[in-house]
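This report describes how two chains are put together and how they meet. Please read it alongside the sequence and the coordinates.

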Amino acid sequence: MTILVIADYSTDQQDNKVLAPATLNTVAAAANIGGDIHVLVAGQGAGAVAEAAAKIAGVTKVLVADNAAYAHQLPENVAPLIAALAQEAGGYSHILAAATSNGKNILPRVAAQLDVDQISEIISVESADTFKRPIYAGNAIATVQSSAAIKVITVRATGFDPVAAVGGSAAVEVVAAVHDADTSSFVGEELAKSDRPELTAARIVVSGGRGMQNGDNFKHLYALADKLGAGVGASRAAVDAGFVPNDMQVGQTGKIVAPQLYIAVGISGAIQHLAGMKDSKVIVAINKDEEAPIFQVADYGLVADLFEAVPELQQSI
Amino acid sequence: MKVLVAIKRVVDYNVKVRVKADNSGVDLANVKMSMNPFCEIAVEEAVRLKEKGVATEIVVVSIGPSTAQEQLRTALALGADRAILVESADELNSLAVAKLLKAVVDKEQPQLVILGKQAIDSDNNQTGQMLAALTGYGQGTFASKVEVSGDSVAVTREVDGGGQTVSLKLPAIVTTDLRLNEPRYASLPNIMKAKKKPLEVLTAHALGVSTASTTKTLKVEAPAARSAGIKVKSVAELVEKLKNEAKVI
């Protein structure tokens with residue numbers, strides 16, 4: 001049994017391509033399934049990502065497909081590459097990708113090309129063919145079994161502790177095949193610039209909701225977050241109101257986080273927000289409405305005016 | 001330009017679902033059903049394209065039980081011109097739905113297909129991408145902006161780091177994210193008019209599509225409950241608890 005993990009990566013502020021941390025959680029899921037683990041890096045000039053992938057603990061081979069067609073991980077070109085690799089002689093039993101925006105974009109296209117169902121966002125591996133995944137915004141957990149010859153799976157990073165980023169020494173092999181469907185092209189991107197830790201990888205997350213009243217007031221959360229070394233998130237209500245950009249949204253349709261400490265400020269606790277953070281180890285809620293549903297999941301609740309409590313909290317830690 | 005919109009009938013997003021006692025699934029008896037919120041955004045986007053003169057006809061399709069006619073009528077009231085129901089009593093997986101939609105695409109030959117990015121029941125986030133694979137079309141998933149010009153469409157997508165714009169040759173597949181638009185409500189006169197709009201009912205068999213699945217649901221359980229903790233009286237008490245009890249700061 002050999003498992004192919006699709007590496008995800010992003011471009012940092014210095015324009016370097018950096019392996020996405022969720023790839024380490026995905027390799028952890030692969031290790032739970034058992035077997036040889038290969039990692040595919042598809043892109044253009046993503047050599048640094050391939051080097052990083054070769055060091056991941058437990059990875060035995062890294063495949064690098066370096067071509068302009070794979071730049072920006074366009075699914076129309078990357079999916080046929082993955083499907084072809086999967087079907088080669090001695091191909092793969094499982095194809096895994098992190099449930100990041102790239103993984104979610106590319107992998108269903110691979111599954112359809114292979115004529116198999118995809119299993120989305122697994123949170124645990126029960127056996128090589130049986131997995132658990134949340135449905136209905138995490139209000140139910142389904143155990144599903146796949147009879148597909150090649151199992152195509154996206155992995156919810158918060159369900160698996162990451163493997164070590166170093167310690168491995170995998171062989172790096174070049175894949176020459178070029179698939180260019182010529183149906184799509186990259187136009188541009190607008191990426192949020194921030195020195196704070198990425199939400200899904202942060203040890204502490206501070207999030208604000210509608211109670212913040214406006215975008216300017218998020219400065220209180222940034223100050224607190226910088227003191228704690230935390231990432232900053234937001235509820236859908238705060239994003240929809242235009243306080244902060246969408247890449248900060250935590251929830252069913254935003255980012256799923258499970259940090260050691262989650263501090264919810266001025267967030268009422270809608271089901272769709274809880275779906276994105278209720279697996280956090282410790283949850284703190286600060287809200288002036290003592291009936292807010294967020295208090296039902298919070299380990300520590302503080303009924304207070306956030307504009308007094310947050311600066312005081314920042315001062316006292 | 002003809003636009004095809006695919007919609008799904010799901011549990012209303014305000015309903016707190018309960019798992020059945022025998023762990024066979026989620027209890028859907030006597031529960032309010034609605035159009036999936038992302039599908040409402042897809043319908044709205046098609047209607048706006050028609051209002052701008054970009055789209056000439058909007059065909060709305062749903063794969064589901066006969067009761068999904070209610071959601072198709074809602075889409076007709078919002079501005080779709082005609083509807084197709086591919087009737088299926090079984091709960092179908094995304095691949096089967098994508099294959100049925102492919103058959104409808106072959107029949108209707110739309111230039112643009114708009115779907116919700118995910119259904120809030122199965123939370124799969126697969127059907128649009130799979131339909132794109134089966135048709136060979138380009139895909140603009142998680143769209144926050146859609147602009148058709150000539151024979152291509154520019155789609156701005158919500159991605160982990162912010163926003164990304166891709167250009168797709170038409171025909172193409174678009175899946176909607178939350179901030180693409182704010183769906184309107186249907187007016188009473190339009191609800192009345194929608195009752196007279198054409199609604200065709202087909203079956204998977206008639207479309208010649210196999211809906212076989214490689215996945216079996218063994219059981220469905222309630223998630224581990226998280227119990228409420230304590231209320232602290234002051235910031236000082238909170239800091240003390242986080243330091244000495246939870247030991248997270």
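A crossing of two helices is called right-handed if the near helix is turned clockwise from the far one by less than a right angle, and left-handed if it is turned anticlockwise. The model discussed here is a predicted one.

## A helix crossing between the chains

In that sense, the crossing of H8(A) and H6(B) is right-handed. The axes of these two helices, H8(A) spanning residues 306-315, come within 10 Å and cross at roughly 45°.

On the side of H8(A), the contact is made by Ala309(A), Glu312(A) and Leu313(A), while H6(B) contributes Val235(B), Leu238(B) and Val239(B). Sorted by class, this contact of H8(A) with H6(B) has 5 nonpolar residues, 1 charged residue and no polar ones.

## The contact between chains A and B

Taken as a whole, the contact between the chains draws 70 residues from chain A and 65 residues from chain B. On the side of chain B that touches chain A, two or more residues each are given by the helices H3 (94-108), H4 (127-135) and H6 (235-245), and by the strands E7 (138-149), E8 (152-159), E9 (162-169), E12 (215-221) and E13 (230-232). The largest share of that side, 8 residues, comes from E9(B). By class, the residues on the side of chain B divide into 31 nonpolar, 21 polar and 13 charged.

## Enclosed helices of chain B

Which residues of H4(B) are buried? The buried residues are Thr127(B), Gly128(B), Gln129(B), Met130(B), Leu131(B), Ala132(B), Ala133(B), Leu134(B) and Thr135(B); with 9 of the 9 residues of H4(B) buried, this helix is largely enclosed by the rest of the structure. The cover over these residues includes elements of both chains, among them H3 (75-87) and H4 of chain A, together with H3, E6 (112-116), E7 and E10 (172-176) of chain B. After H4(B) comes Gly136(B), whose phi is positive, near 80°.

Helix H2(B), residues 69-78, is likewise described as largely enclosed by the rest of the structure, because 7 of its 10 residues are buried. The buried residues of H2(B) are Gln71(B), Leu72(B), Thr74(B), Ala75(B), Leu76(B), Ala77(B) and Leu78(B). H2(B) is followed by Gly79(B), which has a positive phi near 135°.

## Chain B as a whole

The secondary structure of chain B comes to 6 helices and 13 strands, and its C-alpha atoms fill a box of roughly 65 × 45 × 40 Å along the principal axes. Of the 249 residues in chain B, 48% are buried. Among the contacts in chain B with a separation of 6 or more, 68% are accounted for by residues 24 or more positions apart.

In chain A, 7 strands form an open sheet with parallel pairing, in the order E7-E11-E6-E1-E4-E5-E12. Its edge strands are E7 (118-122) and E12 (171-174) of chain A, each of which pairs on one side only. Neighbouring strands of this sheet are turned by 25° against each other on average, with direction ignored.

Within the sheet, E6(A), residues 94-98, and E11(A), residues 151-155, run parallel and are joined by 5 bridges, and Ile95(A) stands opposite Val152(A) in E11(A). Helix H1(A), residues 22-33, lies across E1 (2-6), E4 (36-43), E6, E7 and E11 of chain A, and runs at about 150° to E6(A). Helix H4(A), residues 101-113, packs on the sheet by touching E1, E6, E7 and E11 of chain A, and its direction makes about 170° with that of E11(A).

## Helices H3 and H4 of chain A

H3(A) and H4(A) pack with their axes 8 Å apart, at an angle of about 50°, and they are therefore oblique to each other. Their crossing is right-handed. The contact involves Pro75(A), Val78(A), Ala79(A), Pro80(A), Ile82(A) and Ala83(A) of H3(A), along with Asn105(A), Ile106(A), Arg109(A), Val110(A) and Gln113(A) of H4(A). These residues of the contact of H3(A) with H4(A) divide into 8 nonpolar, 2 polar and 1 charged.

Note on methods:
Residues are numbered from 1 along each chain as its sequence is written. Chains are lettered from A and ligands numbered from 1 in the order in which they are written. This is a predicted model: local features need pLDDT of at least 70, side-chain atom pairs count only at pLDDT 80 or more; totals for chains, interfaces and linings use all residues. Two residues are in contact if their C-beta atoms, placed from the backbone, lie within 7 Å. Helices (H or I, at least four residues) and strands (E, at least two) are DSSP runs, numbered from the N terminus. Ala, Val, Leu, Ile, Met, Phe, Trp, Tyr, Cys and Pro count as nonpolar, Asp, Glu, Lys and Arg as charged, and the others, Gly among them, as polar. Two strands pair if DSSP finds at least two bridges between them. Axes are lines fitted to C-alpha atoms, for helices over the stretch in contact, and angles run from 0 to 180 degrees between N-to-C directions. A residue is buried if 20 or more other C-beta atoms lie within 10 Å of its own, exposed if 12 or fewer, and partly exposed in between; C-beta atoms are placed from the backbone. Angles under 35 degrees count as roughly parallel, over 145 as roughly antiparallel, 65 to 115 as roughly perpendicular and the rest as oblique.
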